[in-house]
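User: I am new to this structure and would like to go through it step by step. Could you take my questions in turn and show how each answer is reached?

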Amino acid sequence: MTSEFNTAETLDVKGESCPMPVVKTKSAIDDLDAGEVLEVLATDPGSMSDIDGWAAGTEGVELLGQKEGDDVYRHYVRRTE
Amino acid sequence: MSTDTPDSSADELPSRAELAARVEELEQSLAEVSPEDDTKKMSIIATKGTLDMAYPPLILASTAAAFGYEVTVFHTFWGLEILHEEHSKNLKLSSVGNPNMPVPNVVGALPGMDRVTTKMMERRIDDNDTATIEELVETSLEMGVEFQACQMTIDLLEYDEDEFYDGVTTGVGAATALQDMADADIQLLV
């Protein structure tokens with residue numbers, strides 16, 4: 001499942017709620033190199049909208065995709081610069 | 001572009017050259033007034049110290065920091081409790097004055113009821129894995145949020161600088177807050 005985006009790191013924020021999924025995603029993406037992809041695993045349904053909005057409003061990141069299934073929301077974010 | 005033009009007389013329209021000159025002129029004056037740094041800024045004034053009211057400024061501050069905003073939160077009056085390391089872990093919820101509370105005001109006013117409602121809220125926070133106030137303060141600090149403790153309130157409540165979280169800015173007043181608000185893209189009073 002992760003191979004599709006060739007993820008460099010996985011961030012597990014399952015069980016955590018707003019604002020932690022976004023805040024921790026930002027911290028994790030800062031540790032990546034440009035071009036690398038971060039996979040975020042969350043159980044907060046709000047993370048679908050929040051990570052989408054965060055990625056759209058933040059310089060240097062790109063949301064590649066989001067998946068909903070088996071009670072876990074998966075987000076794929078690439079650091080672009 | 002072949003968009004429909006409004007019904008104005010073509011004779012009155014400025015020429016291309018005139019428009020280009022005007023655009024250049026405007027761009028120049030814009031460059032003069034805009035700061036070179038295009039980092040977005042948010043300024044929050046936090047005035048409340050109850051458990052429920054401590055959350056919004058911290059959630060917004062940490063989220064804005066995640067967006068790359070430069071964030072300052074100026075804590076004044078009871079908002080200062082959020083920065084007080086010990087008090088921030090024991091913020092209370094008032095059982096009166098909030099019609100959404102499951103107890104009528106007349107019951108909520110009984111001795112010990114604030115403790116009951118606070119415990120109830122703390123349990124919910126725990127059950128839902130909602131971040132604690134301490135967690136949010138520390139996360140925000142790590143992300144570069146500047147927490148400012150109003151000097152006048154520090155003196156008024158007779159606090160010592162050592163009682164605040166490490167990294168909190170002290171020795172600031174309303175003029176600092178006003179300056180931050182004037183420079184900010186978003187200003188909030190909570």
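User: What percentage of the 190 residues of chain B count as buried?

Analyst: The model is a predicted one, and burial here is judged by counting neighbours, a residue being buried if 20 or more other C-beta atoms lie within 10 Å of its own. Applied to the 190 residues of chain B, this gives a buried share of 27%.

User: Is chain B more spread out or less spread out than a compact globule, and what is its radius of gyration?

Analyst: Chain B has seven helices and five strands, and its C-alpha atoms fill a box of roughly 80 × 40 × 30 Å along the principal axes. For 190 residues the globule rule gives 16 Å, and the value for chain B is well over that, so the chain is more spread out than a compact globule, with a radius of gyration of 24 Å.

User: Are helix 2 and helix 5 of chain B roughly parallel or roughly antiparallel to each other?

Analyst: Helix 2 of chain B and helix 5 of chain B, the latter covering residues 133-142, pack with their axes 9 Å apart and at an angle of about 30°. Their contact includes B:L58 and B:A61 from helix 2 of chain B and B:L136 and B:V137 from helix 5 of chain B, and by class it has eight nonpolar, three polar and no charged residues. Because angles under 35 degrees count as roughly parallel, the two helices of chain B are roughly parallel.

User: Which helix gives the most to the side of chain B that touches chain A?

Analyst: The contact between the chains takes 12 residues from chain B and 13 residues from chain A. On the side of chain B, the residues divide into five nonpolar, six polar and one charged. The most, four residues, comes from helix 2 of chain B, residues 51-66.

User: Is the crossing of helix 1 of chain A and helix 2 of chain B left-handed or right-handed?

Analyst: These two helices pack at an angle of about 30°, with their axes 9 Å apart. A:V22, A:V23 and A:K26 of helix 1 of chain A make the contact with B:S62, B:T63 and B:A66 of helix 2 of chain B. The crossing of this pair is left-handed.

User: How are helix 1 and helix 2 of chain A placed, roughly parallel or oblique to each other?

Analyst: Helix 1 of chain A, residues 20-30, packs against helix 2 of chain A, residues 47-57, at an angle of about 40° and with the axes 9 Å apart. Helix 1 of chain A passes helix 2 of chain A in a right-handed crossing, and A:P21, A:V22 and A:T25 are the residues of helix 1 that meet helix 2 of chain A. From the angle it follows that the two are therefore oblique.

User: Is A:M20 buried or exposed?

Analyst: A:M20 is found in helix 1 of chain A, and, leaving aside its neighbours within four places in sequence, it is in contact with A:V13 and B:A131. Because A:M20 has 23 other C-beta atoms within 10 Å, and 20 or more are needed, A:M20 is buried.

Notes
Residues are numbered from 1 along each chain as its sequence is written. Chains are lettered from A and ligands numbered from 1 in the order in which they are written. This is a predicted model: local features need pLDDT of at least 70, side-chain atom pairs count only at pLDDT 80 or more; totals for chains, interfaces and linings use all residues. The radius of gyration is taken over C-alpha atoms; the globule rule is 2.2 Å times the number of residues to the power 0.38. A residue is buried if 20 or more other C-beta atoms lie within 10 Å of its own, exposed if 12 or fewer, and partly exposed in between; C-beta atoms are placed from the backbone. Axes are lines fitted to C-alpha atoms, for helices over the stretch in contact, and angles run from 0 to 180 degrees between N-to-C directions. Angles under 35 degrees count as roughly parallel, over 145 as roughly antiparallel, 65 to 115 as roughly perpendicular and the rest as oblique. A crossing is left-handed if the near helix is turned anticlockwise from the far one by less than a right angle, and right-handed if clockwise. Two residues are in contact if their C-beta atoms, placed from the backbone, lie within 7 Å. Ala, Val, Leu, Ile, Met, Phe, Trp, Tyr, Cys and Pro count as nonpolar, Asp, Glu, Lys and Arg as charged, and the others, Gly among them, as polar.
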